[in-house]
Amino acid sequence: MVKEITRDIKQLDHAKRHLTTSITTLNHLHMLAGGVDSLEAMTRRRQYGEVANLLQGVVNVLEHFNKYMGIPQIRQLSERVKAAQNELGQQILADFEEAFPSQGTKRTGGPSNVLRDACLVANVLDPRIKQEIIKKFIKQHLSEYLVLFQENQDVAWLDKIDRRYAWIKRQLVDYEEKYGRMFPAEWCMTERIAVDFCHITRAELSKIMRTRAKEIEVKLLLFAIQRTTNFEGLLAKRFSGCTLADGTGKKPEVPPPSTNPFLEDETGAETDEIVMEKSDTDKPKKPKVPDNPFHGIVSKCFEPHLYVYIESQDKNLGELIDRFVADFKAQGPPKPNVDEGGAVLPSCADLFVYYKKCMVQCSQLSTGEPMIALTTIFQKYLREYAWKILSGNLPKTTSSSGGLTITSLLKEKEGSEVAKFTLEELCLICSILSTAEYCLATTQQLEEKLKEKVDTSLMERINLTGEMDTFSIVISNSIQLLVQDLDAACDPALTAMSKMQWQNVEHVGDQSPYVTSVILHIKQNVPIIRDNLASTRKYFTQFCIKFANSFIPKFINHLFKCKPISMVGAEQLLLDTHSLKMVLLDLPSIGSQVVRKAPASYTKIVVKGMTRAEMILKVVMAPHEPPVVFVDNYIKLLADCSTDTFQKILDMKGLKRSEQSSMLDLFRLRLPAPPPGGDGSGSLSLSAPTPEQESSRIRKLEKLIKKRL
């Protein structure tokens with residue numbers, strides 16, 4: 001019923017809508033037809049100002065007829081519009097060609113309003129018209145540059161590179177004055193001219209440098225790079241870089257050089273500016289974004305020739321190392337400087353300052369393969385420094401305890417010194433140790449810095465671990481020399497101890513002369529070493545630990561050689577051992593005005609080792625009758641299941657072979673069962689153990705002693 005009632009109204013609504021649409025379309029058709037006529041007339045009269053506005057309106061109206069292109073009249077109008085656009089494009093290009101001919105000199109009359117309006121029309125036409133105008137104008141504007149700086153011209157070479165940049169600066173000023181208002185601001189013509197100049201310059205420089213590669217010296221190369229990067233910085237201050245990625249002007253193809261040691265895997269990414277502050281290693285690495293969008297736009301052409309720079313740094317560093325060697329020979333070792341601790345050799349600071357300068361300079365030139373090549377050079381001369389300056393100047397050991405004569409032993413007993421390192425030599429060893437430690441720490445920082453500077457894809461190829469290990473070896477060798485020297489100085493005293501007739505000692509007196517001699521050497525050497533290693537306290541602690549690990553087993557070995565020993569002799573030796581123990585406990589701060597508690601790791605080694613020596617003497621002092629009590633007492637005090645050690649104790653007591661035989665049998669019977677998985681020996685080696693072995697053995701021994709007691 002409703003449908004029947006509203007049927008006529010609905011018909012009227014449709015009629016009204018169709019009528020409105022028809023009227024609108026006819027109006028548009030009238031506008032389009034009139035517009036096309038006007039467009040054709042204005043085009044012939046070159047009224048580009050009116051054409052720019054009219055053309056945009058015609059194009060907009062024509063869009064309404066896209067669905068009516070099947071109608072011949074509409075299609076005809078559309079084709080007329082396209083024809084008018086094509087004619088406009090060709091006409092505008094011809095006008096620009098006439099105003100700025102490709103051949104010959106450019107006009108001096110300046111831009112016209114016609115051309116300015118023509119640019120507005122080009123904005124509405126096919127984008128290729130605009131690109132063609134830009135291309136032709138820039139080509140004409142830079143044509144003089146290609147003539148002036150041809151490859152065969154004197155000004156084309158790197159030493160006159162400043163003139164290239166002075167020329168373009170003048171051209172840009174000239175353009176702004178004469179043509180600045182002719183082109184729309186959004187075309188960024190000044191920047192486009194500068195960018196095209198950069199592409200041409202990069203291609204031209206690449207070509208001439210390949211031709212005259214043998215003439216490129218490092219000073220000339222660095223001069224050219226510096227001037228170029230300065231120019232790129234100037235561009236960044238003046239322009240935004242908005243035209244670099246729009247593809248308007250095609251970059252000239254630069255053919256690859258015949259041999260390029262650095263660009264095989266080069267990505268061509270722009271490099272970042274140098275930041276000297278230490279980066280926060282906790283933060284995730286972000287991709288490097290250049291602050292200057294123009295960085296490398298010209299200077300990238302120098303990268304294939306950076307091997308000249310790398311070779312130059314190789315040569316310079318070689319000469320620097322040779323100078324360090326010569327200076328050391330001429331000036332001699334550093335003078336003892338007790339007040340300030342062991343002096344770090346000044347040459348190492350000079351080396352790393354030079355390294356930093358090279359690294360910063362190279363990273364400004366390239367963050368690609370050249371940085372890897374420079375890192376290889378750095379590694380080479382770090383090793384050379386370690387070998388020639390540090391290891392090469394460590395004093396050589398000239399004597400050992402094995403070569404000492406009886407006369408020297410007698411002199412030693414009387415308190416005279418044996419041949420050992422002089423004060424200057426001790427200070428030199430400490431100085432080399434301190435220098436190696438400085439080099440070790442700085443090499444680690446150098447590796448971190450290099451990884452910051454280089455392209456992310458190449459970071460894994462930077463590894464200075466081998467060079468750090470080399471400096472660690474120098475440190476270890478230096479400590480070993482200091483230990484050997486003090487050790488060797490104490491050897492004659494220990495030998496004198498083992499030669500004494502301990503069975504003839506009648507009464508216990510003060511400490512024996514050999515103890516006084518050992519203490520004398522310790523008091524002479526240790527304060528010097530401590531003062532000269534004041535800046536590297538941990539290595540002084542290492543020296544103390546290594547000395548204790550070397551001296552104590554040697555002392556115990558010589559103790560076993562004291563045979564036979566009387567009860568009084570054993571008491572004297574026990575007193576001597578206690579004196580040595582107290583001196584060793586005090587060793588880290590001996591002769592120091594500031595009493596500092598010895599490190600726990602060191603104290604533990606001394607207590608363990610010297611307590612063992614005291615236990616040996618207490619077992620020797622114990623009566624060997626009844627045998628069972630003696631054997632049990634030995635096992636309880638020494639916790640040593642080795643028959644060799646027990647044999648040595650019996651020798652020290654001076655027991656006859658027959659007595660020893662029955663005692664050994666009893667000892668084997670009384671031995672506790674070996675622990676599961678052990679070898680059953682339970683003995684402790686008397687040769688000098690490593691700190692790791694020593695620490696492990698101390699723990700085992702303490703557990704065993706606690707278990708027994």
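This is a predicted model: local features need pLDDT of at least 70, side-chain atom pairs count only at pLDDT 80 or more; totals for chains, interfaces and linings use all residues.

Phe 137 counts as buried because its relative accessibility is 2%, below the 20% cut-off for that class.

**Phe 137 and its surroundings**

- Phe 137 is located in helix H6, which covers residues 127-148.
- Beyond its neighbours within four places in sequence, Phe 137 is in contact with Phe 100, Tyr 175, Tyr 179, Met 182, Phe 183, Met 189 and Ile 193.
- Although Phe 100 and Phe 137 are 37 residues apart in sequence, their C-alpha atoms are 6.9 Å apart in space.

**Aromatic pairs**

- The structure contains 22 aromatic pairs.
- Among them is the pair of Phe 352 and Tyr 438, which is edge-to-face, with 6.1 Å from centre to centre and 75° between the planes.
- Phe 352 belongs to helix H11 (residues 346-365) and Tyr 438 to helix H14 (residues 423-453), so this pair ties together parts that are 86 residues apart in sequence.
- The two partners are placed as follows: Phe 352 is buried, with a relative accessible area of 8%, whereas Tyr 438 is partly exposed, at 32%.
- Tyr 634 and Phe 667 also form an edge-to-face pair, because their planes stand at 75° and their ring centres are 5.5 Å apart.
- Since Tyr 634 lies in helix H20 and Phe 667 in helix H22 (residues 657-670), the pair ties together parts that are 33 residues apart in sequence.
- Tyr 634 is buried, with a relative accessible area of 0%, and Phe 667 is likewise buried, at 0%.

**Other ring arrangements**

- One aromatic cluster is formed by Tyr 145, Phe 149, Tyr 165, Trp 167, Phe 197 and Phe 231.
- Arg 212 lies over the face of Trp 157, at 4.1 Å from the centre of the ring.

**Helix H20**

- Helix H20 comprises 12 residues, 627-638, and reaches 16 Å from its first C-alpha to its last, close to the 16 Å expected at 1.5 Å a residue.
- Its buried residues are Phe 630, Val 631, Tyr 634, Ile 635 and Leu 638.
- These residues lie on the same side of H20, because they cover an arc of only 130° around the axis.
- In general, an α-helix has 3.6 residues a turn, so residues three or four places apart point the same way.
- Ala 639 follows H20 and has a positive phi, near 50°.

Conventions
Residues are numbered from 1 along each chain as its sequence is written. Side-chain values use heavy atoms; hydrogens and water are left out. Helices (H or I, at least four residues) and strands (E, at least two) are DSSP runs, numbered from the N terminus. The expected span of a helix is 1.5 Å times one less than its number of residues. Buried means under 20% relative accessible area, exposed over 50%, partly exposed in between (1.4 Å probe, protein chains only). The arc is that of the directions from the helix axis to the C-beta atoms. Contact means heavy atoms within 4.5 Å. Rings of Phe, Tyr and Trp (its six-membered ring) pair if their centres lie within 6.5 Å; planes under 30 degrees apart count as stacked, over 60 as edge-to-face and the rest as tilted. A charge sits over a ring if NZ of Lys or CZ of Arg is within 6 Å of the ring centre and within 35 degrees of the ring normal.
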